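Dear colleague,

I am passing this structure on to you, and I would be grateful if you could look through it alongside the notes that follow.

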Amino acid sequence: KALSSAPGTAQQLQVEILDAKTREKLCFLDKVEPHATIAEIKNLFTKSHPQWYPTRQSLRLDPKGKSLKDEDVLQKLPVGTTATLYFRDLGAQISWVTVFLTEYTGPLFIYLLFYFRVPFIYGHKYDFTSSRHTVVHLACICHSFHYIKRLLETLFVHRFSHGTMPLRNIFKNCTYYWGFAAWMAYYINHPLYTPPTYGAQQVKLALAIFVICQLGNFSIHMALRDLRPAGSKTRKIPYPTKNPFTWLFLLVSCPNYTYELGSWISFALMTQCLPVALFSLVGFTQMTIWAKGKHRSYLKEFRDYPPLRMPIIPFLL
Amino acid sequence: MAVAAATAASRGNGGGGGRAGAGEASGARKKKGPGPLATAYLVIYNVVMTAGWLVIAVGLVRAYLAKGSYHSLYYSIEKPLKFFQTGALLEILHCAIGIVPSSVVLTSFQVMSRVFLIWAVTHSVKEVQSEDSVLLFVIAWTITEIIRYSFYTFSLLNHLPYLIKWARYTLFIVLYPMGVSGELLTIYAALPFVRQAGLYSISLPNKYNFSFDYYAFLILIMISYIPLPQLYFHMIHQRRKVLSHTEEHKKFE
């Protein structure tokens, strides 16, 4: 009776899920609605295999093919009355929000440990002393502001398209952020720290650039958020808005990365600290890879993508 | 350093002859391989490198016979050793432009660690040049490289004698630990001189607010050798697969 072809009754489908590597039959789902989404199939699969929660599942039509999207509808896929899906375990997953919060909270606190010269970092005679250089205090404010801004953006601004990432990323990311934060904080707050060669002039200029870049970066994050309504996964070309900081969209696809690079270069200039410059360089390399990828997907998806735009550096890169 | 001695069963260098050990990029992708011009260049490159390391081998033997002892032979082959080992940097380029199917990252790691040992340790700390540990890794590298480069040459010409393949996948069993020991002992011997001279080190205060302790860095390098035994056993496991695969092929000829 489930297969009756009476008008208005869509034929129900069956779904079998096989392991992509061993082809072992893992699950058989009976009486599935044709308009069911992959997300719903994943939920049903979890019932029989609770250790594989939905975000950990990759389901595909071909064992070596691309993962199906959660919003794909079963009947729109090239399947017969019995759909065969192949399962691959993506490994333990962790939410993007958790990763961001952890990787940003670390540098915030670690830097402060060095700023307050907590015991066992520098010689004991320096414990809890304070630097006599203004720039050192300014640097602490800037660094802390930067990471507080990032934490707030993670909680209130960003809209993530993917919910999770592999668990091992959190170790990799935290090592990077926390490691570099400790390394640069060590030198900036060191009793033997040498202030910038051009003194207050250099510091003021660097600070101005830093503030501009932080405002710019925030403006771009807000503009990107407004581009996509809550809960939707629509993709649109970002354009400049009334906010002058967003006018950088005329020249680059990822001005948020451009501003971020500017922030760190200016921080390196402000502190005249080589480890900060090295951190900027590594960050620049990674952001350029991301920007190029994003730029490429924009070009692929939108025929009318503005030709003047470069991925991250106007006219150059 | 760490992976310097691991070149025995790893890395491709033109021609896919035989599945390799730990280091080679996944050959699962059906890459069309280097074109005729690239193949000609690679054959020349590999022949030149084979010849170079043979020169070093002969140099060692002659020096030994002339001196009557195996101590301080480094000085007799210092120049060709530096030239040909440094020349291996080209292999990074080969991977980068795609004429060799190996991973750029892995190849860079391996070549840079060799170059590091030659220049940043042996060349820079003159006092270790007379150490026997230097001879240990030079011999290991020399034999390994002669076999490796001739392996690649023959593979590119699609005529790989089983002997070369066998040698590549067997001799590493002795050469790998030999090379690693030589390298570690040399770095260890260099430590007191680095400390004494403050070699390549910079301390605070300075206007770039940066410091570097080469002594501590060398200790970290030595620590990085720790995962090597694991790699070694993996290569031994790979060896069984590769050599038995060839044996079976021969049965059906």
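UniProt, in an unreviewed entry, places the feature "domain: TECR-like N-terminal" at residues 14-89 of chain A; UniProt positions follow the numbering used here, feature names are shortened, and annotations may be inferred rather than shown by experiment. Over residues 14-89 of chain A the chain is 14% helix and 34% strand, with the end C-alpha atoms 22 Å apart, where helices (H or I, at least four residues) and strands (E, at least two) are DSSP runs numbered from the N terminus.

Please keep in mind that this is a predicted model, in which local features need pLDDT of at least 70, side-chain atom pairs count only at pLDDT 80 or more, and totals for chains, interfaces and linings use all residues. Residues are numbered from 1 along each chain as its sequence is written, chains are lettered from A and ligands numbered from 1 in the order in which they are written, and side-chain values use heavy atoms, with hydrogens and water left out.

Some backbone details follow. Most residues other than glycine have a negative phi, and most peptide bonds are trans. Asn209(B) counts as buried, at 0% relative accessibility, whereas Phe315(A), at 57%, counts as exposed (buried means under 20% relative accessible area, exposed over 50%, partly exposed in between, with a 1.4 Å probe and protein chains only). Phe315(A) lies in the segment after α7 (274-301) of chain A, and its phi is positive as well, near 65°.
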